[in-house]
Amino acid sequence: MQLKNIKFKMPKRKALITLCVVLSVVLVILIAVTAYAESLLGLINRNTNEDMISQSEYDANYNETENNLDFTGPTMDAEDVVWDDDVSVLLGKEDGIVNIMLIGQDRREGETRARSDSMILCTINKKTKTLTFTSFMRDLYVQIPGYRDNRINASYAIGGMKLLDATVEKNFGVHIDGNVEIDFAGFYKAIDSLGGLEIELTGDEAWYLNKRGNWDYNDASAGTWNLKKGMNLLTGEQLFAYSRIRDLDSDFGRTNRQRNVLSTLLESVKDMNVKELNNLLELMLPLVTTDLGNSDIMGYAMAMFPMISDMKINSVQIPADNAYSFAMIDGMSVLVPDLDENREILKQVIKAK
């Protein structure tokens, strides 16, 4: 006997129970993941120091003068600098683009906020699956809203993340979605948990690091290193020393090395398993201070997650080559940017097709 066109149906009650069980399991997993994410994000420090200083405090503390006998550029009066304030469109407000400013502090013991030692704009372009690191040189001479013109790194000491963002927006026409300040000394120590990072050194870089000796985060010398030209597995301490080299090629080389470390770290994260990534987050998140809320952080993380495996990484600096001039202004050796040129370069980087 042949059975034809016979349909087997699960009883409705049993189907409903099965569906409820599946949904319950999914719900429990979602609650657990959310609770765990919240516990991780609870390790992050929240930005609470955004008070502006007065103009008199600014005059007393943030008009630096230098005795730079090696400076050979022109001396200018602040009034001689003519700014182009025509910022018609803010870069980064388009859908699919997120701009996060990464701030490295050079705060001394006892200080609550000092000049920003490093300013690296991290641009996530979801459409092109691109992450771009853009260093803003700390000696950039810029307009600081509400204050006299100064180096860009003074804006953070004067008014924190909010004023730094306003300064970048006014001069370069870039919208900042949020800020992350990192204790860079602790950051490099945390890299030791990865077993270090493979970095290619030039002969000069290897020579310089070896010459300085095994200097730690307090610049205490003890022992020696034997680094060589080419690829080296650098410890956290060596990475910290590498990223702060200025004597060889000024701040331009230093910021390039910092971007190189970030790019290399990101490449290594791509190959981490869940346990390794979790351990890294637990070490690094307490070193972070941010003005972003948990929902923002989780949203950006979820947006980046699908991109990680095939994400392209770019690296640039502002001011760009041939888009600035050296000058001595008010006793400060500064870089006076061509705002039109640098805005155009930022446009190409941020809105890359």
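Modeller: A residue is called buried under 20% relative accessible area, exposed over 50%, and partly exposed in between. Please note that the model is predicted.

Biologist: Is K129 buried, exposed or partly exposed?

Modeller: K129 sits in the loop between strand 4 (116–125) and strand 5 (130–136). Its relative accessible area is 33%. Because this value falls between the limits of 20% and 50%, K129 is partly exposed.

Biologist: What is the phi of K129?

Modeller: Most residues other than glycine have a negative phi. K129 is not a glycine, yet its phi is positive, near 55°.

Biologist: Which class of exposure does N322 belong to?

Modeller: N322 lies in the loop between strand 12 and strand 13. This residue, although not a glycine, has a positive phi of about 65°. Its relative accessibility is 78%. Since the exposed class begins over 50%, N322 counts as exposed.

Biologist: Which residue does a cis peptide bond join to I318?

Modeller: Most peptide bonds are trans. Here omega is about 10°, and the bond is cis.

Biologist: Which residues gather in a patch of negative charge on the surface?

Modeller: One member, D77, lies in the loop between strand 2 (75–76) and strand 3 (97–105). D77 has a relative accessible area of 47% and is therefore partly exposed. The residues of the patch are D77, E79, D80 and D330.

Definitions and conventions: Residues numbered from 1 in each chain as written. Predicted model: local features only at pLDDT ≥ 70, side-chain atom pairs only at ≥ 80, totals over all residues. Heavy atoms only, no water. Patch = residues over 30% accessible without salt bridge, like charges linked within 9 Å, V, L, I, M, F, W, Y side chains within 5 Å. Areas by Shrake-Rupley, 256 points an atom, 1.4 Å probe, with all protein chains shown as cover. Salt bridge = Lys/Arg side-chain N within 4 Å of Asp/Glu carboxyl O. Lys, Arg positive; Asp, Glu negative; His and termini not counted. Charge placed at Lys NZ, Arg CZ, Asp CG, Glu CD. Helix = DSSP H or I, 4+ residues; strand = E, 2+ residues; numbered from the N terminus. Buried < 20%, exposed > 50% of the residue type's maximum accessible area, 1.4 Å probe, protein only.
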